Amino acid sequence: MSTWEGILAIVGLALITLLTRGFFLFPDRDLPMPHWLQRGLRYAPLAALVAVVAPELFLTQGRLIDTWRDARLPAALLALAWFLWRRSILGTIVVGTAALLLFRLGLGW
Amino acid sequence: MQPVAAPLWRHPEFARGARDMVETALGIAAWGLLTGVAMAKSELPTGLAVLMSLIVFAGSAQLTALPLLSAGAPLWVIWATALCVNLRFVVFSAGWRRYFGPLPRAQRLRMAYFSADLNYALFLRRFPEPPPLSDAVPYFWGGVALNWLAWQLPSLAGIFLGDLIPTAWGLGFAGTLALLALVFAMLGDRASWAAAGVAGAAAVAAYGLPLKLNILVAIAAAVAIGLLVERLPAAPPKGTP
């Protein structure tokens, strides 16, 4: 791929970012959207986050993990416990990452 | 001359928007770094990697496009793939319209371009119902500005320091942990618990779908279940007969 093709591809990708993020913001007239759908959209960001997190925790190479001896599970549980206790995301990251390393390097999980 | 008005970043909601993003920014930074490292290790020349990070500004689309670029895939394949990976943003844009619909189109689109996943999540948490635009706009830009920095600086660092940064462990997990905490911060009524549970199950079950379409499946399932559970009769309050 030549440099110019690369630039073209990347500019196109940037336009796709704008197109998708702005999709329903392009038209000036309000879009008729049923009320129930507007309400339901409240669940979209939560669902998108969960949809990223769940496979990261429960899948290995696209398959459901078949052992509980996976360092990610205790690490995520400890991190979650910390978050529910202290409500600090920073602490959650530190605790979870430390636990992950302990279980991986210490126990070989 | 600009009309005489206090600059946007002086507005208290701007600071609040940035502050609400601070802790999450660490997770974003971890992913930005990871994405930068992935770009450094691909065959993309450094200049193009920098351009991509700065103007594409969509991590999952970038990661999906990298192997296609390296393999010399046709442009339309690269673009169609990114379009699919970004479909969740189309859903979010319908949500943004409720808040920013009255603004001029150029301003709406400028805001849309910078609005990443976590901006939408945090914005909805701050403003479940549309506030006056004079509050919504500075809050939006505060969060977006911090998110942009927290993503771009580590991403650029990753591009230039790629080989020095071990990707083996920890980095990606840090981003996952930040999201996990955010998920639990957003859980409230039982409809949201049901929506989250179903979204997780759907995302895992549909993981085999290409182009991260499992995220879209999860969103659709969660919206349906959320609406359904909202309609169930509420449990009788405790202490009343």
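The crossing of helix 1 of chain B and helix 9 of chain B is left-handed, a term used when the near helix is turned anticlockwise from the far one by less than a right angle, clockwise being right-handed. Helices here are DSSP runs of H or I with at least four residues, strands are runs of E with at least two, and both are numbered from the N terminus. The model is predicted, so local features need pLDDT of at least 70 and side-chain atom pairs pLDDT 80 or more, while totals for chains, interfaces and linings use all residues. Residues are numbered from 1 along each chain as its sequence is written, with chains lettered from A and ligands numbered from 1 in the order in which they are written.

In chain B, helix 1 spans residues 12–41 and helix 9 spans residues 171–186; they pack at an angle of about 150° with axes 8 Å apart. The axes are lines fitted to C-alpha atoms over the stretch in contact, and angles run from 0 to 180 degrees between N-to-C directions. Residues of helix 1 of chain B in this packing include B:Gly27, B:Ala30 and B:Trp31, and those of helix 9 of chain B include B:Gly175, B:Ala178 and B:Leu182. Contact requires C-beta atoms, placed from the backbone, to lie within 7 Å. By class, the contact of these two helices has 11 nonpolar, 4 polar and no charged residues. Ala, Val, Leu, Ile, Met, Phe, Trp, Tyr, Cys and Pro count as nonpolar, Asp, Glu, Lys and Arg as charged, and the others, including Gly, as polar.

An automatic or database assignment divides chain B into domain 1 (8–186) and domain 2 (187–232). Domain 1 of chain B gives 10 residues to the contact and domain 2 of chain B gives 9. On the domain 1 side, helix 4 (75–85), helix 5 (87–100) and helix 9 of chain B each give two or more residues.

Chain A has 5 helices and 2 strands, in the order α-α-α-β-β-α-α from the N terminus. Its radius of gyration is 21 Å, well over the 13 Å of the globule rule for 109 residues, so chain A is more spread out than a compact globule. That radius is taken over C-alpha atoms, and the rule is 2.2 Å times the number of residues to the power 0.38.

Between the chains, 62 residues of chain A contact 76 residues of chain B. Helix 3 of chain A supplies the largest share of the chain A side, 15 residues. The predictor gives the complex an ipTM of 0.84 and a pTM of 0.82.

Definitions and conventions
Contact = placed C-beta atoms within 7 Å.
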